[in-house]
Amino acid sequence: MREGVDREGRHLYPAFPYDHFTLLTDADIDALYAFFMTRPPVRAQTSRNDVPFPLSFRPLLAGWKLLFFRPGRYHADAQRDAVWNRGAYLAEGIAHCGACHTPRNAFGAEKPNQHFAGGSAEGWHAYSLNSMSQAPLAWDVSAMELYLRNGWHASHGVAHGPMAAVTDNMAGVTASDVRAVAEYVVASMSGTKGARPNSLAGKTDAEGTRRSSRASMASLATAPPAAAISPTHPTAPVPPAAADPPTRSGAPTPGSSLQPATTPSASAAVAAASDDKRSDGAAIYAAACGGCHESHQPLPFGGVDLSLSTDVAGEDPTNLVHVVLDGLPATREAPQPMMPGFATTFSDPQLVSLMAYLRDQFAHKPLWPDTESAIRRNPQ
Amino acid sequence: MTALKVNGRVYSVDADPETPLLYVLREDLKLNAAKFGCGLGQCGACTVIVDGEPVFSCITPLLLLQGKEITTLEGLGTLEKPGPMQRAFIDEQAAQCGYCIPGMMMRAQALLQKNPHATDANIREYLEPNLCRCGTHIRILRAVRRAAQLMQEGG
């Protein structure tokens with residue numbers, strides 16, 4: 001857990017997130033051990049390590065650790081209150097949020113100077129959780145807490161992909177701990193871009209000397225997600241989340257990035273569209289999506305208002321492609337909003353024109369340049 | 001006018017391209033097997049087959065169907081000469097109220113066309129999107145297994 005070394009003394013691959021677990025207290029590691037030892041034993045074959053040579057040569061990991069791994073316990077930040085510190089301890093340690101939400105360099109290490117800037121997991125995009133967040137409605141602590149416990153929030157949408165498993169787990173976590181994680185993540189969203197909390201272990205002078213090598217490694221990484229994000233993204237005009245979730249009919253504050261209260265009807269949108277692609281998209285939206293997403297019903301009964309959707313406004317098209325093609329499953333344990341997938345009905349060009357329409361109509365942004373490659377990457 | 005190929009026949013339909021297929025099937029073509037359940041693609045009562053794949057016809061507009069082959073339950077057989085899927089559902093008396101059954105049959109048909117040797121686990125997983133409120137699931141599963149058998153016997 002602390003050093004990334006197994007019982008035989010072999011270095012572990014950082015796929016096991018010991019770079020986060022190293023922050024845990026003695027008491028928590030003891031508690032985990034005690035819990036694991038109460039589980040009935042099972043016989044399970046460890047799957048073969050199919051990491052290709054030369055990475056399959058474990059001693060190389062010693063070099064990786066020297067470059068990227070900073071062991072050490074969590075140190076509380078005296079400038080912050082106890083709730084924030086509890087949240088930082090949980091989010092950076094056991095919950096290892098950054099393992100997905102922080103981009104990685106060419107060697108698979110999280111880039112410490114792009115903390116929470118958005119990363120990827122299991123073929124899904126993990127959205128940025130710092131000031132670069134593209135969420136159309138700024139998250140507040142209660143909304144984040146509800147989302148983490150419920151798996152969805154009426155003003156933000158539904159947890160999907162690997163995040164669905166995270167919120168399923170969070171549903172069983174003590175309310176005060178979920179609240180602390182929410183406090184920490186929301187503080188990060190309104191904080192300085194890329195700043196890693198000072199309180200984290202291993203923040204040493206050595207970092208300065210390491211950074212130069214990291215910078216060159218970062219440039220090797222292909223298309224870091226942060227490259228697609230405008231650094232001047234305005235977060236200020238977004239109205240804070242109200243206790244009452246906004247609905248389509250609720251008038252957003254003037255100058256907000258939300259949709260105008262009077263969304264043109266789909267047929268008006270068709271008429272107004274100048275190019276065929278966009279008008280195809282508008283017609284598909286009206287006929288296939290509008291039944292739920294224009295129903296004026298809040299989640300979980302209607303579809304989320306897409307002007308609130310991070311999948312539409314976000315920095316990466318991957319998740320929107322997944323959700324449109326595969327839908328949101330109804331098979332999870334807790335009651336959830338669900339959505340049918342459209343993989344069998346949409347052709348690729350139809351999907352592109354739908355996405356162009358959604359992006360323009362609900363986020364007032366151009367289509368992502370890598371939309372078509374995101375569609376090709378989808379397994380369907 | 002939109003040309004629509006249903007059960008091997010080409011129809012010329014005078015409807016807005018945004019009209020859901022289900023409405024055209026039921027109201028214009030008088031093919032009433034596909035049912036309106038939720039209208040949101042969540043229950044499966046409206047399932048038909050498009051180019052071999054099960055599709056919720058209530059959320060599939062005409063504009064997505066150009067040049068595609070649509071099969072409804074009417075395309076699987078007639079009252080006098082039911083097809084193997086219909087025969088199997090009758091033999092197993094798989095319906096209670098019966099409202100979900102046309103959708104169940106169409107989704108099962110799509111599965112068996114792709115995989116004639118579908119296992120019980122395959123059938124359960126594939127039929128998961130279709131809901132039945134009466135609770136005849138065990139009979140439905142038996143009927144699908146019987147349909148697979150009948151299809152193989154029939155060559």
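**A close look at one residue**

Tutor: Let's begin with A:A88, which, setting aside its neighbours within four places in sequence, is in contact with A:Y74, A:G93 and A:Y184. Keep in mind as we go that this is a predicted model. You will find A:A88 in helix α4 of chain A. Is A:A88 buried or exposed? Buried means under 20% relative accessible area, and A:A88 has a value of 0%, so it is buried. For a sense of distance, look for A:Q114: it is 26 residues from A:A88 along the chain, and their C-alpha atoms are separated by 16 Å.

Now widen the view to the whole helix. In α4(A), 8 of the 11 residues are buried, so the rest of the structure largely encloses this helix. The buried set consists of A:W84, A:N85, A:G87, A:A88, A:Y89, A:L90, A:A91 and A:E92. These residues pack against α1 (18-21), α2 (26-37) and α8 of chain A.

Let's follow one of those partners, α8(A). How do α4 (residues 82-92) and α8 (residues 175-189) of chain A cross, and at what angle? They pack at about 90°, and their axes are 7 Å apart. That angle makes α4(A) roughly perpendicular to α8(A). From the α4(A) side, the contact is made by A:V83, A:W84, A:R86, A:G87, A:A88, A:L90, A:A91 and A:E92. From the α8(A) side come A:D177, A:A180, A:V181, A:E183, A:Y184 and A:A187. Sorted by class, this contact has 9 nonpolar, 1 polar and 4 charged residues. Notice A:Y184 in the α8(A) list; A:Y184 is also one of the residues in contact with A:A88.

In α7(A), residues 162-170, the buried residues are A:P162, A:A164, A:T167 and A:M170. Their cover includes β1 (119-121), β2 (124-126), α6 (141-150) and α8 of chain A.

Aromatic rings give you another way to explore. A search of the whole structure finds 14 aromatic pairs over all chains. One of these, between A:Y285 and A:Y357, is tilted, with 5.6 Å from centre to centre and 40° between the planes. The pair links distant parts of the chain: A:Y285 sits in helix α11 (276-293) and A:Y357 in helix α14 (348-363) of chain A, 72 residues apart. Both A:Y285 and A:Y357 are buried. Elsewhere, A:F16, A:Y18, A:F21 and A:F69 form one aromatic cluster.

Finally, turn to chain B for a contrast in architecture. Here an open sheet of 5 strands runs in the order β2-β1-β5-β3-β4, with mixed pairing. Strands β2 (9-13) and β4 (53-56) of chain B stand at the edges with a single partner strand each, so one side of each has no neighbour in the sheet. From one strand to the next, the twist averages 40°. Helix α1(B), residues 21-28, packs on this sheet, touching β1, β2, β3 (47-50) and β5 (69-71) of chain B, and its direction makes about 80° with that of β1(B).

B:K5 has a partner on each side: B:V10 in β2(B) and B:E69 in β5(B). In a regular strand, side chains alternate between the two faces of the sheet.

Two hairpins complete the tour. β1(B) and β2(B) form a hairpin with 2 residues between them, and B:N7 in the turn has a positive phi of about 50°. β3(B) and β4(B) form a hairpin with 2 residues between them, where B:D51 in the turn has a positive phi of about 45°.

Technical notes
Residues numbered from 1 in each chain as written. Chains lettered and ligands numbered in written order. Predicted model: local features only at pLDDT ≥ 70, side-chain atom pairs only at ≥ 80, totals over all residues. Heavy atoms only, no water. Pairing = 2+ DSSP bridges. Helix = DSSP H or I, 4+ residues; strand = E, 2+ residues; numbered from the N terminus. Axes fitted to C-alpha atoms, helices over the stretch in contact; angles between N-to-C directions. Contact = heavy atoms within 4.5 Å. Parallel < 35°, antiparallel > 145°, perpendicular 65-115°, else oblique. Nonpolar A, V, L, I, M, F, W, Y, C, P; charged D, E, K, R; others polar. Phe/Tyr/Trp six-rings, centres within 6.5 Å; stacked < 30°, edge-to-face > 60°. Buried < 20%, exposed > 50% of the residue type's maximum accessible area, 1.4 Å probe, protein only.
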